[in-house]
Amino acid sequence: MQTITKKELIDRIAEKSSHKRVVVKRIIQSFLDEIVDELGNGNRLEFRDFGVFESKLRAARSAQNPKTLERVSVPSKRTVKFKVGRLMKLRLAQSTESKAR
């Protein structure tokens, strides 16, 4: 598995679209900032066929420190869930099939 950075994605999109890298970077960063803002406001973001981002509240719970075996309380916190959309599911299934051959 390879890690692709935001910079690499920006470079690819700039090359494919023939827009300046600076413009593409500004657009992508604005897009990501909007996603973070909306999730921070508790909103759900749905991108048809791609997937859905949702902000969820994880309940407070009790856990155990593995070194000391001491019980600790873990407070509730907000987290983000992502549910894969139809087209991404299909693409991932195709990718898995081609690697299995």
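Ring pairs join Phe-31, Phe-47, Phe-50, Phe-53 and Phe-82 into a cluster. Rings of Phe, Tyr and Trp (its six-membered ring) are taken to pair if their centres lie within 6.5 Å; planes under 30 degrees apart count as stacked, over 60 as edge-to-face and the rest as tilted. The model is predicted: local features require a pLDDT of at least 70 and side-chain atom pairs count only at pLDDT 80 or more, whereas totals for chains, interfaces and linings use all residues. Residues are numbered from 1 along each chain as its sequence is written, and side-chain values use heavy atoms, with hydrogens and water left out.

In total, the structure holds 5 aromatic pairs. In one of them, the ring centres of Phe-31 and Phe-47 are 5.8 Å apart and the planes stand at 50°, so this pair is tilted. The pair links distant parts of the chain, as Phe-31 lies in helix 2 (residues 21-40) and Phe-47 in strand 1 (residues 45-47), 16 residues apart. Helices (H or I, at least four residues) and strands (E, at least two) are DSSP runs numbered from the N terminus. The rings of Phe-47 and Phe-50 have centres 6.4 Å apart and planes at 80°, and the pair is therefore edge-to-face.

Relative accessible area is 44% for Phe-31, 25% for Phe-47 and 39% for Phe-50. Each of these values falls in the partly exposed class, between buried (under 20%) and exposed (over 50%), for a 1.4 Å probe and protein chains only.

Phe-47 also belongs to the strand pairing, where Gly-51 in strand 2 stands opposite. Strand 1 and strand 2 (residues 51-58) are antiparallel, paired over 3 bridges; two strands pair if DSSP finds at least two bridges between them. The hairpin of these strands has 3 residues between them, and within this hairpin Asp-49 adopts a positive phi near 70°. Strand 2 also pairs with strand 5 (residues 77-84) in the antiparallel sense, over 8 bridges. Val-52 has Lys-83 in strand 5 as its bridge partner.

A nonpolar surface patch of about 220 Å² is formed by Ile-4, Leu-9 and Ile-13. Patches consist of residues with over 30% relative accessible area and no salt bridge, with like charges joined within 9 Å and nonpolar side chains (Val, Leu, Ile, Met, Phe, Trp, Tyr) within 5 Å. A salt bridge is a side-chain nitrogen of Lys or Arg within 4 Å of a carboxyl oxygen of Asp or Glu. Leu-9 is located in helix 1 (residues 6-17) and, at 40% relative accessibility, is partly exposed.

Note on methods
Accessible areas come from the Shrake-Rupley method with a 1.4 Å probe; for residues, only the protein chains shown count as cover.
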